[in-house]
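Please keep the structure open while reading.

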Amino acid sequence: MHNQIQRAIRVGAFLVSLATLAASAQAAPVDADMLLRGGTIHDGSGAKAVVGDVAVRDGRIVAVGKITPGKIGRVINCRGMVVAPGLIDVHTHTDSTLNQPGVRPCLNYLIQGCTTMITGNCGGGPLDTTQFLSGVETNGAGVNLLALAPHGSIRSKVMGSERRAPTSEELERMKALVAQAMRDGAWGMSTGLIYPPGSYAETDELIALARVVAANGGVYVSHIRDEADHLLKAVEEAIRIGREAGAPVHISHFKSMEIPNWGRIRDAAAMIEKARAEGLKITADQYPYTANSFSLVNATLPENQVQWCKRADLAKRMASDAEFAALVRRVIASRLGRYEKIVIAASKKFPDYVGKSLKEIAGKEEIETVDLVLKIVAQEAPEVVCHSMSEKDVRWAMALPWVATASDGAARAQNPAEHHHPRNFGTFARKIGRYAIQDKTIPLPHAIRSATGLPADIFGIPGRGYLRPGYHADIVVFAPATYRDRATFDKPQEYATGVRYVFLGGQAAVDNGKPGAKLFGRALRRGAAEQRPTKTSVSQEKQTVLDWLNRPETVTKFGRISDAIWSYAELGLQEHKSSALLIKTVEDAGFTVKTGLADMPTCFVASYGSGKPVVGILVEYDALPMLSQKGRTTKPDPVVAGAPGHGCGHNLMASAATAAAIAVKQAMEKHKLAGTIKLFGSPAEEILVSRPYMVRAGLFKDVDAVINNHAGSNFNTGYGVAGSAMISVTFRFQGKTAHSGGAPWSGRSALDAVELMNVAANYLREHLHFSARMHYVIPDAGEAPNVVPDRARVWYFLRGSDENLMEMYERLVNCAKGAALATGTELAETRVLAAAHQSHHNKALAELMMKNIELIGMPKWTEEEHAFAKALQKTLGSATKGMPTKIGTLEKPAAVFTGGASSDHGDVTLIAPTATIRFPGAATGAQGHHWSTVACGFGSTAWKGANAGAKAMAASAIDLLTRPDALAAIRKEFSEYSKKHPYKSFLPANAKPPLEFYDKLMSQYRSTMEAFYLDAETK
């Protein structure tokens, strides 16, 4: 696995390529307060660096790449230097040190290039998130600070130090405290499961609290229960919590410590890789050292081995209980043998011990090391540095694409009375400077990403972690030849070297190598609008929908809706659970919903607003037969053999369209927009049923423009005539039964009629237009070979252009009539199930959509997502390109229509101007109506694609509601086209939706599939 990961890293462009960035040179001059000129740009994505410029104005990045300068305030020559996003430390304990003298500037981190730190880790930290963050705002800090809700502090507040499960009332109080912290801006909840009282919590308690975190869009962050002998069991618990709570999981300071456990980290990583492949969002962080740091008590007397009393009573109990005394001494001796050495880091009672190892102290005092430990812990629990990890393991783990860099340290001022871990002063310079630049253990782009874009992605920190236009100008500039850590275990308080500039919001915190006196750090609250990227060309109304769709809780909510519908996999006109879920979602959001429309129980229209303009969004949610497949798998592997599956991405289309409609509603409400947004819930698209019947029922008669969507592997749209018109029709023949062996002459075979009709139809193919398609199945062909079948039925799809479809249909009917005449049977029924026109997409609307697609851009795929796509592509025998990384172009109509697939929204396109946004939910090369598309339609990759599609739809809807000039141009084009192509339905007047069509097949599998249904709320 490790070799594969390293190869994957070397490939480079798993995410957005900076080559694209460089290619899109700024044509117009760029005005800026500051221009970082000619640096080697690492944008935080892990892509190969490019030489270029970064322009900053009003605290934000306004351009990256080859820039033509306009009016520039300050130009900084960065040639030969690395320009990267400000580094993000996802694991610090700065909340415990910030108020100490001289600490607020956070110089030990700032001088490494850190601009953002997350606090409240390991279950400890301030209980009141608002108070802590307000203190940062009032008193200042040298870097930006984020907070986690600390589980240990919360448990202590509610239950004190009691070692038991909480009562139901206590659990509710803890849940309320977690929810309050999340509302106050916490980014998740942390646990410290080796420290009391967090260690007293059972898994069920943690799941219950993590559900609150998940519901608020946060991350479950854990110092897991064991990092040594029981590492794998502890990782398994974290995975279980994430799965059952529906929360992203982040494992703190990932390692396998103590000599007997060296190498075990590989097994733990394999467990995490498997969980990630199965759709769980799980990541980790690591500090690049072979020593950890905690208290001497935790190092030598872990609670799971010695249930000991208070430190002050330890000697007394040992004196009165020989068996207990022997146990304590045995445990200490065993623990000491698991470390290379233990060094006292800080001690008030024994200041002379600071900086010395236990072995060294014991030798000087001429006592046993065990007795030295007992002497110390009887009076205090000093911090120690334990040399317990393998250098080989450290180097191996830092290459993992889902492992971020973190110090597990704290902001500190230089203090000769302390001898803490060097990670406080050197983590990032060591990882990037020594391991990447000097030793080349990992590629430099990967090392920088592990401290920038990856942490931002893990915690959903908007506007930071990348060098992109609209992002906060948190930037570090360093000289690669001199960027190194100088802090060692002997001298742990030496500042790093090589950083020339550090900017927070465009303000120089380090200028030409010298830290300034001002504190530019901010308190960053989750969900705060001012933290998000800006897009200067975006209207307030459009920014509102983008902000809402960018929220982690929004992505999670609609991702779970998609996954739930994916698990239901209901066939056409049987989508009872799928439509009910969507209806509840829009009703909860404030829409008015009408159901059971156009004679279809699973058809609905949800509306918000009033008056003109009326903007429609189409949504579909049916599956296909025989395509059951497990999600995120790279080989055929059904959930239920023979059952249906979402082989066309309708689950994604359903969630994306619904999210878009609700996002538009948010903007309409906030900005008092006139008009109406309508979501058209359309069942049975896979058999092209609903929309022609919905048009016939008049559901689209007042709509000014319609936005359609479809999942795939591209992100674009197009205009003109596309796809084929289609008629879905069944022919039922009635014959006469007889004994096939005894008296076949007495029978008249309905199956013979079907087969003879098919022969005639196959001869007919030769004389059809080359763009036509004709295919059939025989769903009813008798019961047994020894009985002449008196009934048989054949189901045809006929596809062609609007102009030739009905002629082809009439000729096929004649084939059926002739077959009945020739076989002495009766053509008992010719039933048109559905009939749809070609799609006639509006050019002006498509151009408007394409601009919004360009605004949104392709999702930023993780390395894991690219790796999954490549593994799938390898199975399919297609090029292993990973996920698509560039948006498509506006597609023009083909010069010659050659035929193709069909969609039942064709009729809608002739009633109202319509265009389709195609968004990327699947790997390039995944095949439609195939298990590979089902596999792609589940989990994080699919969620990202659907979210991008929702943004493009919502942004386009906002344009239609707020830009009357654009809508007028769209309507004008539609009016001119309609004069030449007046609408006439292909449906016969007596046609009705075939409600019973899939009833038997769905009933056959539903009871078995129910065991695998996912809950949209908890997953």
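## Salt bridges

A salt bridge joins the side chains of Arg338 and Asp229, with N and O 2.8 Å apart. Arg338 sits in the loop between helix 12 (322-336) and strand 15 (341-346), and Asp229 in the loop between strand 11 (219-223) and helix 8 (231-245), so the pair ties together parts that are 109 residues apart in sequence. The model is a predicted one. Arg338 is buried, at 15% relative accessible area, whereas Asp229 is partly exposed, at 34%.

Another pair is found in helix 8, where Glu244 and Arg240 are 4 residues apart and thus separated by about one helical turn. Their closest N and O atoms are 2.9 Å apart, and the two form a salt bridge. Glu244 is partly exposed, with a relative accessible area of 33%; Arg240 is partly exposed as well, with 35%. The model has 47 salt bridges by the rule applied here.

## Nonpolar cores

The largest nonpolar core contains 156 residues, and Phe591, Phe700, Phe731, Met757 and Tyr796 have the most contacts inside it. Helix 22 (residues 650-671) supplies the largest share of this core, with 13 residues. Apart from this core lies another, of 48 residues, which includes Ala149, Ala201, Ile207 and Tyr220.

Which residues does Phe731 contact, leaving aside its neighbours within four places in sequence? They are Met757, Ala792, Arg793, Val794, Tyr796, Leu812, Val813, Ala816, Leu827, Glu829 and Thr830. Met757 and Tyr796, two of these partners, are also named among the residues with the most contacts inside the largest core.

## Helix 21 and its surroundings

Helix 21 (residues 576-588) has 13 residues, which at 1.5 Å a residue should span 18 Å; its end C-alpha atoms are 18 Å apart, in agreement with that value. The buried residues of helix 21 are Ser578, Ser579, Leu581, Leu582, Ile583, Thr585 and Val586. They pack against helix 20 (552-568), strand 22 (592-595), strand 23 (604-610), strand 24 (614-620), helix 22 and strand 25 (675-682).

Thr585, in helix 21, counts as buried because its relative accessible area is 7%, under the 20% cut-off. Apart from residues up to four places away in sequence, Thr585 touches Lys557, Phe558, Ile561, Thr658 and Ile662. Just after helix 21, Gly590 has a positive phi of about 100°.

## A nonpolar surface patch

Leu756, Val759 and Tyr763 make up a nonpolar patch on the surface, and together they have about 310 Å² of accessible area. Leu756 is part of helix 24 (residues 750-764). With a relative accessibility of 37%, Leu756 counts as partly exposed.

## Backbone geometry

Most residues other than glycine have a negative phi, and most peptide bonds are trans. Against that background, a few sites can be listed.

The peptide bond between Pro196 and Pro197 is cis, with omega at about 0°. Pro197 belongs to the loop between strand 10 (188-192) and helix 7 (203-215). Lys612 and Pro613 are also joined by a cis peptide bond, with omega at about -10°. Pro613 lies in the loop between strand 23 and strand 24, two strands against which buried residues of helix 21 pack.

Where is Cys122 placed? Cys122 is in the loop between strand 7 (114-119) and helix 4 (129-139). Although not a glycine, Cys122 has a positive phi of about 55°. Cys122 counts as buried, at 10% relative accessibility. His929, likewise not a glycine, has a positive phi of about 55°. His929 is in the loop between strand 33 (914-920) and helix 29 (931-936), and at 44% relative accessibility His929 is partly exposed.

Notes:
Residues are numbered from 1 along each chain as its sequence is written. This is a predicted model: local features need pLDDT of at least 70, side-chain atom pairs count only at pLDDT 80 or more; totals for chains, interfaces and linings use all residues. Side-chain values use heavy atoms; hydrogens and water are left out. A nonpolar core is a set of buried Ala, Val, Leu, Ile, Met, Phe, Trp, Tyr and Cys residues joined through side-chain atoms within 4.5 Å. Buried means under 20% relative accessible area, exposed over 50%, partly exposed in between (1.4 Å probe, protein chains only). Contact means heavy atoms within 4.5 Å. The expected span of a helix is 1.5 Å times one less than its number of residues. Patches are made of residues with over 30% relative accessible area and no salt bridge: like charges are joined within 9 Å, nonpolar side chains (Val, Leu, Ile, Met, Phe, Trp, Tyr) within 5 Å. Accessible areas come from the Shrake-Rupley method with a 1.4 Å probe; for residues, only the protein chains shown count as cover. A salt bridge is a side-chain nitrogen of Lys or Arg within 4 Å of a carboxyl oxygen of Asp or Glu.
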